[in-house]
Structure formats: C-alpha cells, structure tokens
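Subject: Structure handover

Hi,

Here is the structure I promised to pass on to you. Have a look at it first, and then read my notes below.

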Amino acid sequence: ALTTNQRLFWLQRNYDSILLGINSQLFSQLERVERRQLRELRTQHLPEQAHDIVALHFNPMLCSSEPGASIFLIDHYCLWGVDGEDAGLNALNSDVEEQLTKQLPDLLISPLFVSSSNNSPELYDELGGLLQTQKFMGMAIDHKSVLKEEFSWLDDPSNLDIFNIGQQSEVLRTLRKELGFRAWWKARQELNARRRVLLGIIKQMKKRAVFTLMLASKHVKSIWSPVLAEQIEARILCQYLSGQIDSRKLQSRTLNGKPFTPTQLKQFNALISDIKLETGSRVLESALAILKDLSRFRLHLKYYRFAHRIFNRVHLLKLDNEIVLSTQAGTLYTAFTASETKDEENRVVHHTIIKADVRGSTTVTNELLNNSLNPASYFSLRFFSPINKLLPLYGANKVFLEGDAVILSLLEHEQSPQQWFSVARACGLAKAMLNIVHANNLYSEKMGLPKLELGIGLCYSDAAPHYLYDEDKPIMISAAIGKADRLSSCTWKLRGLVQPDPFNVEVYALTDGDISRGEKGQNTIRFNVNGVLLDTAGFTKLQQEISLRKLSVKINAKTVVLHVGKYPAVAGKSHDIVIREAKIGLWRDTAIVDGHETDDSFFEVVTNRKLISQVCTAT
C-alpha cells in the first residue's frame, strides 16, 4: 500500500509533464504533416497573412494543462520564478516593459496585463483556458461578435535582435566603411543606448534573484530525463544550480528516497560552472536569450487566449433533439464519421461551363470520305474518346454535343467545399483538350488532311444550373452556356489581322456607331483560334480558389501581365496555370484602332508550353 501511494503521489505531482508529453507526441505528427505536405497547398490557396494560422494551431501551450507549470516553462521557455500562481512572470514582464518603454519609447509596447474592471468578461469558459490566462493577462473581455487579439512590438521575438550587441557591432564596422564616420557615430550611440537598456534589465533580474535561476532552467532542460524525473522536481534542481539551495537540501528533496549518483553530482557541478560563465563574460547573450523566451511566452499566451475564445464559441451537440433543432435553424455544422453519414442530397451551388467550338470538321470529314476513311471512327478515336478520358481527372461532366461542339460542366457541391476548384480545373481541362487537337493536327499533317481548329470559352456562374428532363435524361439550362458559346467564337474579320503568337485570343470593343454594335446584345468581337477565353467572373473566382502571383514580363517588345499559380486536379496532383490579363482593344468599321484600348480587361488561359515553362520556372 505504501509503494502504491508513493506511485500515485508521483503521478499526481507529474500530471502536467505526462499530459504535456503525450499531447506533444500526438500533435507533433499533425504538425509535421502541416509544415511539410500541406505547406505547398497553403501557399497556393491561402493569402500570405493566413499562413501563421499553423503557429496558432500548434501553440505548445495548448498541449499543457497549466501554462505556468514549472516543467512546461523549463521545456519551452524559462522558469520565471518559483513562487506565486503567475510563476513569477508578472514581476519580470513588468520590469522589462518599464525599462523598454522608458528608455525606448518609440517601440510602442503595450502591457501584457490589463485591468478590465469596467468591462464585461467572456461568459463561457468550458475548458478553463481564459481562467488560466487571467493571472498573466487580466480578465478576458467579451468582444461580442468580434474575435481579436492585439499584439505589440514585444510579442515578436525577432524584434529583440536589436539587442544582439555582438551582431550589431559587426554591422557598425561595415557601416563605417560604407557610410562614413557620422553615420557610424550615430549608430554607435544608439547601440550603446540599447546596451544600457539590456544592462538595466539584467540588473532588475538580479535584484529579484531570478537571473541565475532562468539560466539554470535552460541547463536543466538539456539534461532532463525520465531517471531524473523519478528523483527530483525540475524546479528544485533549478534552485540548486542557481545557488538558491545547497547540496544537503537538494539531497533531502529527492523523491522516493533515490539519492543522486556521483556521476550526476559531477554533471551538476559542471553546469554550475557554465552558468557562472553565462553570468559573466556572456551575460549580454544570456539576457537576450531570456528576453526572447519572454517574448515567445507573451506571443503564445495571446495565441492561447485567442484559441480558447474560439473553443468557447463551438458547441458540440450530442442529443438528438438538439441536433434536429439546430439543423432546422441552419446553424449545425456536421462532422459525422463514415458510419454515421446519412444519404442526403448534396446540392450544386456553383458551376463552370466549357464550350469548345470545333472548326474545320466538315472539311476533314469530306477529305476522309474522299480517301475511303470512316469520319466517325476518326473523330471518335482521336477527339471524343480522349476527351472522355480526361473528364474524371478534372471532375467534369458532359452536358451535350452540339454538332461538332462540346459543352462540359464542372459542378461545385454544397457539402464538398474542399473541391471548389471548378474554374482552375476547367482551365486545366481546356488546355488538355487543346493538346489533343494539336496532336491530331500533327497526325493530319502527316496524312495530308486539313487541320482542326478549336475555340474554347469558359464561364463561371455563382449559382446552380437548372434542368429540364427529356424522359429521364436531364437537360442543363444555364446562362453560362450561352456566354461560353460567345467566348468560344472567332470573328472572321479578325482572322487576317491578328497574329496568334504566342497568344491565341484577342478581344475588341465595337465603337459607338458601328453597325454591328448591340447585335444580339454584343458590344465586342473576338479572335479565338486554338485559344481559351475566360470570363471576368471566372477569373474573380479563380483568385478565390488558388493563390496567383501577378507578373509583368516583356514578350515581343510588349509588356504583358500574367497571373501564375498552381491548382490541384481531382487526384490531388498540382499543375501550373498561367492567365494572361490584357486590355480590350477598339474596333471601328472594318479595322482595329491602333494604339487605343478600353479600361476593361479580358483573360486568356495561356496554352503555350514554352512560355508556361519559362514563367513557372522563373517564379
């Protein structure tokens, strides 16, 4: 019974460290995936400022039951002190804030602990996270419908590099050579001022008798092991290494009556010698390391409180009547396991249309017949069948064939927002269809047959399509089909005037008074020969789907604006995509108006392989 009680006492005493170790192992696996495999996806699909969300998700404080627990502080930061529920942080942090604010007022440092007696607190704290932060930061204010956390200069550890005296001294030497004595003298004065600030902070730390203790905690972390955990509390060992207790008291505080071995005591003495060096010749470096730990603790503490603000706004429902009521109110987010998933209608919410206008098919058909060849087999084997094989790779569906034109759709479903890449995949599918046509044209050239020509229009609709039914066969009705048809067309007037190299699309606005203006609601004419024209709504949606980098490049002595990015196919493999943004030109009567453009732009999916390779390699 005595042995069991001792073991239970040890487990209770080390509960925080055990929980921290288990949680850290579990979440380190997830973090590895986030920072490796998923990093490229984040770069593609999220704005740059959203990438720090990973640091918030894997904040080490979320793995601990107590952010002020001594073993947690030693493992990730410093042991700020040994007394008080705030683990000695508040006094240390207050001294640092005071010194920095007084000596360097331009830094705009906001206090970590804020008294909030005149404001109402957060109402819910089911996991107790806000209560944990209250001793370090004060009461968590209820921001109602807004979730926010404010950060200051001292919450970014990299900012403290201005106190890296050794590094800054090297910069000074270079500065004198490059900018002269005056610039060097001014920078030297600023460096001396920062040195005085750092020495003032060290003085305050020593006055509170925590400077050596914090240095000792870093050495305890380097030697900590399961064996030591069985023998002594980490904070007691820190007190011994810092000189706050002697060896006799250290031996008397061992757990379970397990004395230290001569080898361990020799190791402790070596660490004491190292700590003396750090408080002597390396004191500025040691203080900077402590300040960076303090800065990281402040940052993670704010991440921790922000995360718990979010946790408190998520309510997990388990009772059937609560689930039914929330479902009817439209406030339920379902996260069923595979066995719990119910067959529900996964309705379409958006869609993209591809219209591919095949030109020259009649001529090719006649030539094939003249040579006693079967046109049906030719087009089936060399055009329609290869396209059918592409459809599942891009998540596309065949709407219908209209003579020699192909109309395809890519649908976005309500319950699959992770697959809302219809525009990006439509661009990739259109490019793949053109590759099929180019391959067929090479074959036709060898066989002495005329070539096929393709014009493709892509249109996005932020709504679901409608359907009519011919018996049990659905017929899609969508305004995007008609618009895609117009974008895929090519005006015969432009064929002899536009040189399609390296691009294949041009758009011109009809001037006021032009006889064709307003005909069938059209105010533009298009050149689209083996090209892909994307509507403006589609480009806007594409910017939401993936991250695009805007480039200005010189091509044939002209400045061209390109948007470059990557998109995932259905199987998950990433592909390059390049969009050309160009101004719509002007057309008057029977000619292009040289040197004149409108304020509006059109967007072409670039299909030139050489250009795509050069641009994507360069970026």
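The angle between α17 (residues 361-370) and α18 (residues 375-394) is about 125 degrees, and their axes are 9 Å apart. Axes here are lines fitted to C-alpha atoms, for helices over the stretch in contact, and angles run from 0 to 180 degrees between N-to-C directions. Helices (H or I, at least four residues) and strands (E, at least two) are DSSP runs, numbered from the N terminus.

On the α17 side, S361, V364, T365, L368 and L369 meet P375, Y378 and F379 of α18; contact means heavy atoms within 4.5 Å. By type, that contact has six nonpolar residues, two polar and no charged. For the types, Ala, Val, Leu, Ile, Met, Phe, Trp, Tyr, Cys and Pro count as nonpolar, Asp, Glu, Lys and Arg as charged, and the others, Gly among them, as polar.

Before you go further: this is a predicted model, in which local features need pLDDT of at least 70 and side-chain atom pairs count only at pLDDT 80 or more, while totals for chains, interfaces and linings use all residues. Residues are numbered from 1 along each chain as its sequence is written, and side-chain values use heavy atoms, with hydrogens and water left out.

Now another helix pair. Helix α8 (residues 165-179) and helix α9 (residues 181-207) pack at about 170 degrees with axes 8 Å apart, so α8 and α9 are roughly antiparallel to each other. From α8, the contact takes in I165, Q168, S169, L172, L175, R176 and L179, and from α9 it takes in F181, A183, W184, A187, R188, L191, R194, R195 and L198. Ten residues of this contact are nonpolar, two are polar and four are charged.

Next, helix α7 (residues 129-137). Seven of its nine residues are buried, so α7 is largely enclosed by the rest of the structure. Buried means under 20% relative accessible area, exposed over 50%, and partly exposed in between (1.4 Å probe, protein chains only). The buried residues of α7 are G129, L130, Q132, T133, K135, F136 and M137. Their cover includes α6 (89-103) and α15 (283-311).

With a relative accessible area of 19%, Q99 is buried. Leaving aside residues up to four places away in sequence, Q99 touches L104, V197, G200, I201 and Q204.

How many cavities of 30 Å³ or more does a search of the whole structure find? The search turns up one, and the largest cavity has about 40 Å³ of space. On a 1 Å grid over the protein atoms alone, a cavity is a set of points where a 1.4 Å probe fits but cannot get out, and lining residues have an atom within 4 Å of a point. Grid points are joined across faces, edges and corners, and a volume is the space filled by probe spheres set on the points.

C427, G428, K431, Y567, D576, I577, V578, V605, V606 and I612 line the largest cavity. Both α19 (422-447) and β12 (574-588) supply at least two residues of this lining. Seven of the lining residues are nonpolar, one is polar and two are charged.

One of the lining residues, V606, sits in the loop between β13 (591-605) and α22 (609-618). V606 is buried, at 2% relative accessibility. Not counting residues up to four places away in sequence, V606 touches K431, F503, L562, V578, I579, R580, L611 and I612.

Most residues other than glycine have a negative phi. A209, in the loop between α9 and α10 (211-223), has a positive phi near 60 degrees. A209 is partly exposed, at 48% relative accessibility. N556 has a positive phi as well, near 55 degrees, and its place is in the loop between β10 (549-555) and β11 (558-568). N556 is exposed, with a relative accessible area of 57%.

Last, T43 in helix α3 (residues 37-45). T43 is partly exposed, with a relative accessible area of 43%. T43 and K566 are 523 residues apart along the chain, with 9.4 Å between their C-alpha atoms.

Cheers

Technical notes:
Parallel < 35°, antiparallel > 145°, perpendicular 65-115°, else oblique. 1 Å grid on protein atoms, 1.4 Å probe; cavity = no way out; pocket = protein on both sides within 12 Å on 5 of 7 lines; lining within 4 Å.
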